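Dear colleague,

I am handing over the structure below, and my notes on it follow directly after. Please read them with the coordinates open beside you.

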Amino acid sequence: MATNEEIQKDLEKREYDAGFITDIESDTLPPGLNEDTIRHISAKKDEPQWLLDWRLEAYRHWLTMEEPTWAAVDYTPTDYQSISYYSAPKPADSGPDSLDEVDPKLLETYEKLGIPLREQEFLAGVKNIAVDAVFDSVSVATTFKGKLKDAGVIFCPISEAVHEYPELVKQYLGTVVPQGDNFFAALNSAVFTDGSFVYIPKGVRCPMELSTYFRINALNTGQFERTLIIADEGSHVSYLEGCTAPMRDENQLHAAVVELVILDDAEIKYATVQNWYPGDENGVGGIYNFVTKRAECRGVRSKVSWTQVETGSAITWKYPSCVLIGDDSVGKFFSVAVTTNCQQADTGTKMIHLGKNTKSTIISKGISAGKAQQSYRGLVRMGKNAENARNFTQCDSLLLGDKCGAHTFPYVEVKNATATLEHEATTSKIGEDQLFYCQQRGLSEEDAVNMIVNGFCKDVFDELPMEFAVEANRLMEVSLEGSVG
Amino acid sequence: MLEVKDLHVSVEGKKILKGLSLTINAGEVHAIMGPNGAGKSTLSNVIAGRDGYEITSGTITYKGDDLLEMSPEERAWAGVFLAFQYPVEIPGVNNTYLLKAGVNAKRKHQGLEELDAFDFMKTVKEKAKLVELDPSFLSRSVNEGFSGGEKKRNEIFQMAVLDPALALLDETDSGLDIDALRIVAGGVNKLRSKDKAIVMITHYQRLLDYIEPDFVHVLADGVIQKTGDKSLAVALEEHGYDWVKENK
Ligand SMILES: Nc1ncnc2c1ncn2[C@@H]1O[C@H](COP(=O)(O)OP(=O)(O)OP(=O)(O)O)[C@@H](O)[C@H]1O
Ligand SMILES: [Mg+2]
């Protein structure tokens, strides 16, 4: 039977199966960042003046800011002048109108990643999933637009929404995450290129799951996507994002902003399966993932949940947050983060309770192997009007081997005496005794590791929509693949 | 069936087993008794293939094969079962799911088709009844939150489902109430047959009233000090272990 060291060694050998490069001609801006770069991006997208002004305002603010250093991650700072801020596969300046116009190479790319872009290809019995596929800086295809439109649902690239639904975009963009919110959000606001826009009208239950797949392909290019989802009164939507990138020796920057607006009695379930290239076993290459995600539960009884399965990226800096403004609103955060080799993750959530009887739940599961370092950083704030607000936090860490680390930084601010908080935290090693027990019952060591890790993550996987739970399971298996020799 | 010859085992540099030999034939029931820390669990763990023990010399053959060359799961597939002295909790892993994975891994190894959910559940329900295990335990996480006695009963339930050729029961009777002891013993007796062997590690002669052994061994100071029949256990109860050492 293998020891923990052996398991660790094998984990280091895990394969990243989304690491291929698509050989496609692209239209890429030369590296560098200044006001002209921003004007250029804006012009490429034929944007209205107000948006260009908005971007420039963000950029000027960004210039006054400093890159944050408080996260427990260690990396060579990005040289913001050395990356390109726009890259689009030719000739897709604006998204094609039908799939027939999509470059077959792109279709093939998504096929290889297991993402269905051909609507008719869905298996019978599988619930439909609409997909927006973002390749480097642009959306290359969005499926089921028509069917969704019939239901009144808007699901399109944000660059298209700027033209088609300018009033909605203007009304909500930057209202959850303002331009100057933080260093990376300001950068994103200045140079964001594409991402998804979703609007669910009053009383509508979105007839299918929505998803966006982000793919970074071009070399030396940052991806700065911006997603905006609005759930109007009484509506409901379930959304998934997936992310992959080729294996490259250079680090690449991904700085996204996601804004969610939830009105009275509405609900958004947002799930992420993040599998950016994590770098090799020596820590060479990989994506720097600096993401600002925030949901505002503006309406009474509104609900939001963030569910994330994070297996990729060299560096993850990510704290999906819930601002619970409406009375009786509910925020949830479920997270599984796997770090192996030299990966570093500083992730967690913020629950800001402002309304009465607001409720939040945080369940965070961290798995570390190799030399990986992982931190949970969570803030729970109970505002002075948050009568009877409640929070429950549970963070568990599982360590494989003894060179990795897990750290927990819970922050609590309570300004209302009627609020209640509960916090539980555990750190455990994958038990030699658990492995032996499973093997004694006839499981191979690899199956035993998978079973124990999946058991550890169960509380979170149970929260994923059925369609995505399968994906998460597969990813976990790939991550832990070869964990025995 | 099982032949342990001159087995020397150290843990963390400390010699625990010092030339232990033991022969177990199909159809037999053996009891192993001995003071705390004598190495009884060490012996059963080494037979089952647990890591962390240094086997400095000696051999173990099982059905003619060199057991020490086999991985723990290969031993399990070959019919070796260990009921743990301290069954481990595995949060989030469904009790039945683990068992099904174990059964099917074995079947796959034997070139048999995997059992479908329906057939498997039928067996599981039958065996749960045999050891009077409440069906609610089937869908709970492995041993999580089980009482001490419930964990032991779960071990016997797993044994019943896996249907081993050689069962090692490490203090399965400890922590069982009188009724549970009778039920567990009844379960074990039903599994007795001419092509199976059972090794029971116990501190109490009481268990042997329920499951009558063919042999009773006393393990102390790293070797089998004395072997006898059921009456040895009775004498032990009366005189203690020092008596064994003095009357080899
Ligand atoms: N991992 C370990 N590290 C150090 N010592 C160990 C380890 N495992 C076992 N030992 C020691 O080996 C000796 C034998 O232990 P073992 O568990 O086999 O005893 P036992 O006969 O089963 O006792 P009991 O009746 O109390 O269950 C003990 O002295 C124990 O402390
Ligand atoms: Mg013992």
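Chain B of this predicted model has a mean pLDDT of 92, and 100% of its residues reach 70 or more, pLDDT being the predictor's confidence in each residue on a scale from 0 to 100. For chain A the mean pLDDT is 82, with 81% of its residues at 70 or more. Over residues 120-126 of chain A the pLDDT stays under 50, and the model has five contacts beyond four places in sequence for them, a contact meaning heavy atoms within 4.5 Å. Where pLDDT is low, the predicted coordinates should not be read in detail. For the complex, the predictor gives an ipTM of 0.96 and a pTM of 0.79.

As to conventions, residues are numbered from 1 along each chain as its sequence is written, while chains are lettered from A and ligands numbered from 1 in the order in which they are written. Because the model is predicted, local features need pLDDT of at least 70 and side-chain atom pairs count only at pLDDT 80 or more, whereas totals for chains, interfaces and linings use all residues; side-chain values use heavy atoms, with hydrogens and water left out.

Turning to the interface, 30 residues of chain B are in contact with 21 residues of chain A. The area buried between the two chains (the accessible area, with a 1.4 Å probe, that two parts lose on being put together, summed over both) is about 2,100 Å², and carbon and sulfur atoms give 65% of that area. Two salt bridges are found across this interface, a salt bridge being a side-chain nitrogen of Lys or Arg within 4 Å of a carboxyl oxygen of Asp or Glu. B:Arg50 forms a salt bridge with A:Glu432, in which the closest N and O atoms are 3.3 Å apart. Helices (H or I, at least four residues) and strands (E, at least two) are DSSP runs, numbered from the N terminus.

Ligand 1 is surrounded by 15 residues, the closest being B:Lys14, B:Gly37, B:Lys40, B:Ser41 and B:Thr42, where a residue counts if one of its heavy atoms lies within 4 Å. An oxygen atom of ligand 1 is 2.7 Å from a side-chain N or O atom of B:Lys40, and an oxygen atom of the ligand is 3.0 Å from a side-chain N or O atom of B:Asn36.

Finally, the count over all chains comes to 22 salt bridges. In chain A, the side chains of A:Asp396 and A:Lys365 meet in a salt bridge (2.8 Å, N to O). Since A:Asp396 lies in strand β21 (residues 390-400) and A:Lys365 in strand β19 (residues 359-369), the pair ties together parts that are 31 residues apart in sequence.

Technical notes. A polar contact is a pair of N or O atoms within 3.5 Å; within protein, one must be able to donate a hydrogen and the other to accept it, and residues adjacent in sequence count only if both atoms are side-chain atoms.
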